[in-house]
Amino acid sequence: MLNPKKRSPPTLCVQGTHSQTAGPAVVPIVQTSTFVFENQQHMLDSVQGKSGNHVYTRWSNPTTKSVEEKISALEGTDDTHVVASGMAAISSAIMGLVKGGERILSSDSIYGGTVHLFNEILPQNGIHVDYVDTDEVADALLDSQEKYKLCFFETPTNPTLKIIDMKQVADAAIAVGTISMIDSTFGSPINQRPHEFGVDLVMHSATKYLGGHSDIIAGTISGSNELMARVRSAAKLLGGTMDPFASFLLDRGIKTLSVRMERHNANAIYLAEKLSQDSRIKQVHYPGLPSHPHHQVARRQMNGFGGMLSLDLDSDLAGTRQFVDSLDIFLNAVSLGGVESLASIPVLTTHYGLGEKILSEAGICDSTVRLSVGIEDATDLLKDLLAALDSLNT
Ligand SMILES: *Cc1c(COP(=O)(O)O)cnc(C)c1O
């Protein structure tokens, strides 16, 4: 029999690492807060972790455990902890691994919520974060006099799809004894597997591609048993526990992850190529285009370039608003990674109110539109975008 952990990603997505046993074909939803024991001895054995039985759902739950095992196999890590949001994954990992007085190095192009956590909550706990340009993370680790406890980075980045060389950062972190942690949300475990390049901890907002249907909020954090033991203890106390029903929906979503990613990848590259030939668009940001500055790195470390792309229109903010309002199939919403296509304007949503300097460093202008390309028909999506462009001239 094939070692279940050696199954290919599409098989793991559908069946996880489970082997044939009699019983339900689908993971049951164990919707309970607490678990009953026959007697005090059994309860004590479980509390002391001797029996592997579940005691209380904030600590562990069978439905959640099942999806955790599936994600560990997909990421190639010992362990995964699934929590109630991407932000709970980031905060639990950092509170479990970094103490007051220690410092974090972070790439400067990261999710807005993470920036607020790093700038507002962590300093209250004596943890300080230094930021560095996305192209300089590895060098900054190697050159710094500072001993960083943890290095946090995100690739591909939001919304301009910059790519960071994962192996370079992982190697630098190993060389200086720093824990490396990636926000791999835009990549998905189908398009990139950072642990294979040596990155210690891999987190996802599973709200996005893993869940895939815009119907749950969830987060995952994966790594070695040693690191995850500390992350789990913190997560248990911080309390961002995943609900068993949401775990069920996450598991159900992951079943189609590999086929969804194939379509996301194909639709996005089709649109990126077509739109980059349109004179009404100043620039298309997509790592699958040979003109993208990090295309070669993306080819080395990704199996597909993902469903996220952004456009700089040859227009002003008013025209950009009109463009998005004219879209019919692309829905006007934040978030990403679901089956439905979404469009948003970063300066009015995810990057609202940020200063000129931060925006230009991130490569964002008033006419930048972020697209989360769904799994609808690619030619319908193109027609929708072209019709919205036509509306600007009338
Ligand atoms: C959405 C998102 C998060 C936050 O995840 P939640 O599930 O909303 O808590 C973190 N990082 C990235 C890249 C995201 O897109």
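Four aromatic pairs turn up in this predicted model, where rings of Phe, Tyr and Trp (its six-membered ring) pair if their centres lie within 6.5 Å, and planes under 30 degrees apart count as stacked, over 60 as edge-to-face and the rest as tilted. One of them joins Tyr56 and Trp59: the ring centres are 6.1 Å apart and the planes stand at 80 degrees, so this pair is edge-to-face. Tyr56 is partly exposed, at 34% relative accessible area, and Trp59 is partly exposed too, at 33%; here buried means under 20%, exposed over 50%, and partly exposed in between (1.4 Å probe, protein chains only).

Another pair brings together Tyr286 and Phe305, with centres 6.4 Å apart and planes at 75 degrees, so it is also edge-to-face. This one links distant parts of the chain, 19 residues apart: Tyr286 sits in the loop between β8 (281-285) and α12 (295-301), and Phe305 in the loop between α12 and β9 (308-313). Helices (H or I, at least four residues) and strands (E, at least two) are DSSP runs, numbered from the N terminus. Tyr286 and Phe305 are both buried.

Back at Trp59, its ring has the charged end of Lys236 sitting over it, 4.9 Å from the ring centre (NZ of Lys or CZ of Arg within 6 Å of the centre and within 35 degrees of the ring normal).

Then there is the ligand. It is surrounded by 13 residues, the closest being Met87, Asp183, Ser205, Thr207 and Lys208; a residue counts as near if one of its heavy atoms lies within 4 Å. By class, this shell has five nonpolar, five polar and three charged residues, with Ala, Val, Leu, Ile, Met, Phe, Trp, Tyr, Cys and Pro taken as nonpolar, Asp, Glu, Lys and Arg as charged, and the others, Gly among them, as polar. A polar side-chain atom of Thr207 lies 2.6 Å from a ligand oxygen atom. On the backbone side, an N or O atom of Gly86 is 2.9 Å from an oxygen atom of the ligand, and a polar backbone atom of Met87 is likewise 2.9 Å from a ligand oxygen. The protein covers 92% of the 380 Å² of accessible area that the ligand has on its own (Shrake-Rupley method, 1.4 Å probe).

As for the numbering and cut-offs, residues count from 1 along each chain as its sequence is written. Local features need pLDDT of at least 70 and side-chain atom pairs pLDDT 80 or more, while totals for chains, interfaces and linings use all residues, and side-chain values use heavy atoms, leaving out hydrogens and water.

Technical notes:
A polar contact is a pair of N or O atoms within 3.5 Å; within protein, one must be able to donate a hydrogen and the other to accept it, and residues adjacent in sequence count only if both atoms are side-chain atoms.
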